[in-house]
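Good morning, everyone, and thank you for making time for this. Before I say anything, please take a moment to look at the sequence and the structure on the screen.

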Amino acid sequence: MTKLEALILDWAGTVVDHGSVAPTTIFVEAFKTAFNFEISLQEARIPMGMGKWDHIATLGSLADIKARWQTQFGAPMSNDQIDHIYETFMPLQKAKVAERAMPIAGVLPVLNRLKQQGLKIGSCSGYPRQVMDILEVAAAEYGYKPDHSVGSDELSAGSRPGPWMALENVNVLGISNVAHCVKVDDSAPGIAEGLNAGMWTVGVALTGNAVGLTESQWQACSQTEQDELIRTAYQQLYYSGAHYVIDSLADIEPILMQIEARLARGERP
């Protein structure tokens with residue numbers, strides 16, 4: 001590695017929490033607890049990658065959910081109601097996140113090798129800082145300690161799909177050129193974040209939100225089911241603008257060598 005300087009990594013579904021289970025299940029529970037309103041796990045996944053308040057607001061604006069909400073409550077979802085769901089979500093999420101802090105199989109050895117080659121490891125998340133404080137401590141017990149991390153509520157400019165969290169990593173880590181960074185994420189807003197920051201982007205299909213299954217759930221699928229899930233996940237992530245898509249962050253080393261070669265030829269994202 002002579003050109004690349006840093007990886008900017010998402011958390012759930014990319015480094016930890018195979019299937020990005022912790023945030024999605026809590027959205028379902030928060031809507032039910034706050035207003036006795038039902039959303040499906042599939043619906044909860046649609047805005048995945050956004051900051052959590054924005055995620056709830058986006059769910060409320062989805063056509064099917066908006067229509068059901070209007071029928072149940074007689075008016076569109078208000079900001080006060082979004083606030084209440086968010087306030088219900090936060091303690092539930094904080095209680096759950098540490099349970100899903102184990103790094104995805106094969107990821108830590110790869111990151112350790114890359115750090116030995118001089119790459120810095122930045123990170124950002126749709127989780128707000130108070131959740132990140134819990135997740136970082138839990139992940140560190142497994143050996144994952146990025147060089148920097150940014151929560152979705154830490155910057156006044158906002159969070160995904162804007163570039164600000166990724167660029168905050170660039171600032172803190174002292175990166176000389178955004179084109180020497182690779183943003184790795186399992187969601188469309190996270191890919192957009194990297195693109196808006198001028199970085200190379202790599203989508204994570206199998207272990208992330210696009211497939212949305214735990215390791216045991218994935219292994220229980222038939223080969224035909226697995227093939228269809230992977231095909232759809234790759235399509236979604238390429239459609240979101242990812243330069244490359246891989247099954248898992250554990251598979252990223254050959255991609256980084258390709259990016260190195262492209263940078264050596266003078267190419268940019």
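I will begin with two helices, α5 and α7, which are roughly parallel to each other because the angle between them, about 15°, falls under the 35 degrees used as the limit for that description. Please keep in mind that what you see is a predicted model. Helix α5 covers residues 79-97 and helix α7 covers residues 129-141, and where they pack, their axes are 9 Å apart. The crossing of α5 and α7 is right-handed.

Let me now turn to the annotated sites. According to UniProt, in an unreviewed entry, the annotation "binding site" covers D10, A12 and D186. These residues span 177 residues in sequence, and yet no two of their C-alpha atoms are more than 8.3 Å apart, so they gather at one spot. The lining of the largest cavity includes D10, A12 and D186.

The unreviewed UniProt entry also lists D10 and K52 under "active site". Although D10 and K52 are spread over 43 residues of sequence, they cluster in space, with a largest C-alpha distance of 14.4 Å, and the lining of the largest cavity includes both D10 and K52. As for D10, you will find this residue in the loop between β1 (6-9) and α1 (21-35).

Technical notes:
Residues numbered from 1 in each chain as written. Predicted model: local features only at pLDDT ≥ 70, side-chain atom pairs only at ≥ 80, totals over all residues. Heavy atoms only, no water. Axes fitted to C-alpha atoms, helices over the stretch in contact; angles between N-to-C directions. Helix = DSSP H or I, 4+ residues; strand = E, 2+ residues; numbered from the N terminus. Parallel < 35°, antiparallel > 145°, perpendicular 65-115°, else oblique. Left-handed = near helix turned anticlockwise from the far one by under 90°. UniProt positions renumbered as here; feature names shortened; annotations may be inferred. 1 Å grid on protein atoms, 1.4 Å probe; cavity = no way out; pocket = protein on both sides within 12 Å on 5 of 7 lines; lining within 4 Å.
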